[in-house]
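Subject: Structure for your review

Dear colleague,

Please find the structure below, followed by a summary of what was found in it.

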Amino acid sequence: MGDTGQIAELLADRDGVITIREALACGLTRKQIRGRVARGEWVTIVRGIYRSASHPMTEALLVRAAVAAHRGVADRSTAAWWHGMIRTLPYPLTVASASNPGATRWPLGRVDLIRRRYDDTDVETVNGLPVTSAPVTAVFAAATLHHGARFLDRVLQEGTVTVAQLQAVLVRYEGSAGIAAARRLVAVASEGSESEAGLPPPARPLPRRPRQVQCPRRRRVAQEGLHLARPDGATGGGHRGDRRHAERRDRGRLKK
């Protein structure tokens with residue numbers, strides 16, 4: 001028979017995913033829901049969460065279903081993808097839940113589920129999905145992504161977040177898992193951001209090189225305490241009086 005009206009609009013907005021609560025809120029009865037499943041119009045993903053058979057299995061559908069199944073919010077790398085900070089959706093999906101959802105059997109791949117309660121101001125709804133805000137997402141995603149420093153540098157340059165916002169997140173979630181690694185990455189990205197803004201980067205010591213001093217040959221030889229032989233048999237480096245005495249002695253020998 002197909003879905004029409006409010007149900008059809010909801011499925012279109014939610015990438016084909018609908019929960020039993022949403023279906024009941026739209027006016028369907030439990031019997032009508034079971035009828036849709038029996039006719040193959042809806043496919044059960046996990047208990048209480050369905051996919052419209054007329055919608056393809058997309059990554060957006062997968063994220064919505066995972067968040068709903070674990071009664072949590074998309075965070076870290078999955079939230080970064082949802083915000084458009086990264087192009088490719090990393091796996092496993094990352095979801096945070098304030099309470100342990102219990103023995104939910106998720107059939108569509110592994111989910112990295114953590115137990116964490118985010119502040120209400122750090123969670124927002126983006127296209128119908130509860131997801132961490134951009135600053136919180138950037139901080140915790142950087143700690144999990146392979147190129148976390150490069151990721152932070154890019155979102156700062158694009159203006160998606162600011163250094164002040166990242167530092168505020170570090171303070172609010174002090175002691176949380178991954179915050180130590182995130183702090184190091186934020187520090188590196190902050191230095192790069194200041195440099196891009198025209199601020200002088202911190203001075204770095206130049207490598208020390210051996211100092212080479214060019215000196216006259218006579219001075220160098222005298223410093224080394226050496227005497228070079230001259231063709232006439234005299235040695236360099238002596239006093240001028242010694243050389244005159246040698247010359248007079250040679251003239252006296254010739255007269256004899």
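Overall fold

The secondary structure of the chain comes to eleven helices and eight strands, taken as DSSP runs numbered from the N terminus (helices H or I, at least four residues; strands E, at least two). This is a predicted model, in which local features need pLDDT of at least 70, side-chain atom pairs count only at pLDDT 80 or more, and totals for chains, interfaces and linings use all residues. Residues are numbered from 1 along each chain as its sequence is written, and side-chain values use heavy atoms, with hydrogens and water left out. Of the 256 residues in the chain, 35% are buried (under 20% relative accessible area, 1.4 Å probe, protein chains only).

Helices α6 and α7

The axes of α6 (residues 134-142) and α7 (residues 148-157) come within 8 Å and cross at roughly 160°; axes are lines fitted to C-alpha atoms over the stretch in contact, with angles from 0 to 180 degrees between N-to-C directions. The two helices are therefore roughly antiparallel (over 145 degrees). Ala-138, Ala-141 and Ala-142 of α6 meet Gly-148, Phe-151 and Leu-152 of α7 in this contact (heavy atoms within 4.5 Å). By class, five of these residues are nonpolar, one is polar and none is charged (Ala, Val, Leu, Ile, Met, Phe, Trp, Tyr, Cys and Pro are nonpolar; Asp, Glu, Lys and Arg charged; the others, Gly among them, polar).

Yours sincerely

Notes. Parallel < 35°, antiparallel > 145°, perpendicular 65-115°, else oblique. Buried < 20%, exposed > 50% of the residue type's maximum accessible area, 1.4 Å probe, protein only.
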